[in-house]
Amino acid sequence: MRMYELTEQYAAILDMLDSCAPEEEPALLEELTGLNDSISDKAEAYARIMKNDDAEIAALKAEIWRLQALKSRREKRVERMRDRLKECMKTVGSSSIGTSIGKWTLRSNPPSVVVLNADEVPEEYRIPQPFQVDKPAIKAAFKETGEIPPGCDIVRTEGVQFR
């Protein structure tokens, strides 16, 4: 039986306990105990699955980190090799080098803009950015003063923890 089904049955029995006859109460309480055991067993299964998944997630994170580092090293190596080849071609005055698998060509890239001082750029070339709310500052002010700014609320959510 699934956890949500156990939970629904448990809630239904609790409702029945409120309006049952005194002689029906022991049977309902026994059924609640059985459901409680089933919920406990299901919770244990959840814990085992979650622990395995957490371990797998940690292994995947480590592998992602390793692969990202490897990718970064390869990208830097390709960039260094491309720069060396470009400098070599400039030095020897060659705009192309043919190989058995292809041809290297030195070409000019299209123009690009470099912003030296953003404050001096005229307004017509600026893109307005939407503002962002500084949530950590609001939280710090709430801790300090206990006041909540208009348009905000402080909420505390719940989570489950397994130890």
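## A tour along helix α2

At 54% relative accessibility, arginine 48 counts as exposed. Select arginine 48 to begin. The model on your screen is a predicted one.

Glutamate 44 and arginine 48 form a salt bridge, with their closest N and O atoms 2.7 Å apart. Both sit in helix α2, four residues apart, so about one helical turn separates them. Glutamate 44 is partly exposed, at 39% relative accessible area.

**Zoom out**

Show the whole chain as a cartoon. Which secondary structure elements make up the protein: how many helices, how many strands? There are three helices and two strands. Along the sequence they follow the pattern α-α-β-β-α. The radius of gyration is 33 Å, well over the 15 Å that the globule rule gives for 163 residues, so the protein is more spread out than a compact globule. Its C-alpha atoms fill a box of roughly 105 × 50 × 25 Å along the principal axes. Of the 163 residues, 7% are buried.

**Back to the salt bridges**

The total is three salt bridges. You have visited one of them, between glutamate 44 and arginine 48.

Select glutamate 63 and arginine 66 next. Their side chains make a salt bridge, with the closest N and O atoms 2.6 Å apart. The two residues are three apart in helix α2, so they too are separated by about one helical turn. Arginine 66 is partly exposed, at 41% relative accessible area. Glutamate 63 is also partly exposed, at 33%.

Move on to lysine 71 and glutamate 75. Here a salt bridge spans 3.3 Å, N to O. Glutamate 75 counts as partly exposed, with 44% relative accessibility.

**The positive patch**

Select Arg73, Arg74, Lys76, Arg77, Arg80 and Arg84 together. They gather in a patch of positive charge on the surface. Where does it lie? Arginine 77 is in helix α2, which covers residues 25-92. Is arginine 77 buried or partly exposed? It is partly exposed, at 42% relative accessibility.

**Last stop**

Select arginine 82, another residue of helix α2. Its relative accessible area is 47%, so arginine 82 is partly exposed.

Technical notes. Residues are numbered from 1 along each chain as its sequence is written. This is a predicted model: local features need pLDDT of at least 70, side-chain atom pairs count only at pLDDT 80 or more; totals for chains, interfaces and linings use all residues. Side-chain values use heavy atoms; hydrogens and water are left out. Patches are made of residues with over 30% relative accessible area and no salt bridge: like charges are joined within 9 Å, nonpolar side chains (Val, Leu, Ile, Met, Phe, Trp, Tyr) within 5 Å. Accessible areas come from the Shrake-Rupley method with a 1.4 Å probe; for residues, only the protein chains shown count as cover. A salt bridge is a side-chain nitrogen of Lys or Arg within 4 Å of a carboxyl oxygen of Asp or Glu. Lys and Arg count as positive and Asp and Glu as negative; His and the chain ends are not counted. The place of a charge is taken as NZ of Lys, CZ of Arg, CG of Asp or CD of Glu. Buried means under 20% relative accessible area, exposed over 50%, partly exposed in between (1.4 Å probe, protein chains only). The radius of gyration is taken over C-alpha atoms; the globule rule is 2.2 Å times the number of residues to the power 0.38.
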